[in-house]
Structures are given as C-alpha cells and as structure tokens.
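The following briefing concerns the structure displayed below.

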Amino acid sequence: MSNTVLPDGRIRLANSPWSAEIELKIQFYDLDPMEIVWHGRYVKYLEDARCALLDQIGYNYPAMKESGYAWPIIEMHLRYAQPALFGQRLRVRAAIVEWENRLKIDYLLSDAESGQRLTRATTSQVAVRVDTREMCFVSPPVLWHKLGLNPPSP
C-alpha cells in the first residue's frame, strides 16, 4: 500500500480498512525552548492515535494481554516536515498497513484546519507470547480475527 499526494500537496495515507483519527490541541507543556513542539512529544501523539485504532478493532493493550500476547514496538520512524506550534489543532491518523508478520501502522499528523502535512511516522510491533517471552514470526490468529480476516493455515 502506498500514500497518495493530493493536488494541494497534502498526503493521504494508504487506503486501509483499519484506521482511526484523533484531534488534539498543542499545549504549552508540549513545547521546547524554541517554542515548537519538542520532538519527543510526537511519540505520545502516535500512542494516542494507536490506542484509538486498537480500541476500534477491539484489541487494545488489555485485550492483547488477555489473549496471551504482548506487542512491543520494535521500530519507529518519524519524518518531520513542518513544526507544530502552541495552540495549533492537529489531526493524527493511524492506519494498519501490515499484519501478517508484524503489526505495522502508518501515521499522518496534519494541521486540523488546513490539512497541511506536518509529520509522517510508522511503528512496527511484533507479537510476543506472554508465558514464554518468545517472539512470534507470524502474527497470531487472534489479530487476524480482530481484523475480520481468516488466518493462514499452519
């Protein structure tokens, strides 16, 4: 799946049947000494959108644990295009783009009013059995079921 650049320069995330969007307002405590959002704060914004997405598919962190799997983030990439500023309203969209061997989520952070892209990001998570702490090389059937898909045959 790939992202699409719209005629006005905005970027739309790949079409995914599993996506969620949140909106937030930049607070004073999010700023660095340069009066823009501190780069580390974006990780929280991604987490907020990821939690909304996981709630939407019925597989939030407590449900993951209950199913016998932890899903640690093993990789994260952020690409900053424009800084976010105090008082600005942001839209954060998260979309599942891979699920077979890992849970990969693409993110788009944009200005809520203009739609201008500010930041793109991705996270990758892998299933780890809670009881043995072993990493799974194929996503467990529970994730497939939560996505409304049939898991592959063993």
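**Structural briefing**

Glu-98 counts as partly exposed, at 27% relative accessibility (buried means under 20% relative accessible area, exposed over 50%, partly exposed in between, with a 1.4 Å probe and protein chains only). The model is predicted: local features need pLDDT of at least 70, side-chain atom pairs count only at pLDDT 80 or more, and totals for chains, interfaces and linings use all residues. Residues are numbered from 1 along each chain as its sequence is written, and side-chain values use heavy atoms, with hydrogens and water left out.

**Salt bridges**

- The whole structure contains 10 salt bridges, each defined as a side-chain nitrogen of Lys or Arg within 4 Å of a carboxyl oxygen of Asp or Glu.
- Glu-98 pairs with Lys-104 in one of these salt bridges, with the closest N and O atoms 4.0 Å apart.
- Within the salt bridge of Arg-91 with Glu-21, the closest N and O atoms are 3.2 Å apart. Arg-91 lies in strand β6 (residues 89-98) and Glu-21 in strand β3 (residues 19-25), so the pair ties together parts that are 70 residues apart in sequence.
- Lys-44 forms a salt bridge with Asp-48, at 2.9 Å between the closest N and O atoms. Both belong to helix α1 (residues 42-56), where a spacing of 4 residues separates them by about one helical turn.

**Architecture**

- The chain has 3 helices and 9 strands, taken as DSSP runs numbered from the N terminus (helices H or I, at least four residues; strands E, at least two).
- Along the sequence, the pattern is β-β-β-α-α-β-β-β-β-β-β-α.
- The C-alpha atoms fill a box of roughly 50 × 35 × 20 Å along the principal axes.
- Of the 154 residues, 40% count as buried.

**Cysteines**

- A search of the whole structure finds 0 disulfides, the criterion being a pair of cysteine sulfur atoms within 2.5 Å.
- Cys-51 is partly exposed, with a relative accessible area of 26%, whereas Cys-136 counts as buried at 15%.

**Nonpolar surface patch**

- Met-135, Phe-137 and Val-138 make a nonpolar surface patch of about 320 Å². Patches consist of residues with over 30% relative accessible area and no salt bridge, like charges being joined within 9 Å and nonpolar side chains (Val, Leu, Ile, Met, Phe, Trp, Tyr) within 5 Å.
- Met-135 is placed in the loop between β9 (128-129) and α3 (141-146), and counts as partly exposed at 40% relative accessibility.

Methods:
Accessible areas come from the Shrake-Rupley method with a 1.4 Å probe; for residues, only the protein chains shown count as cover.
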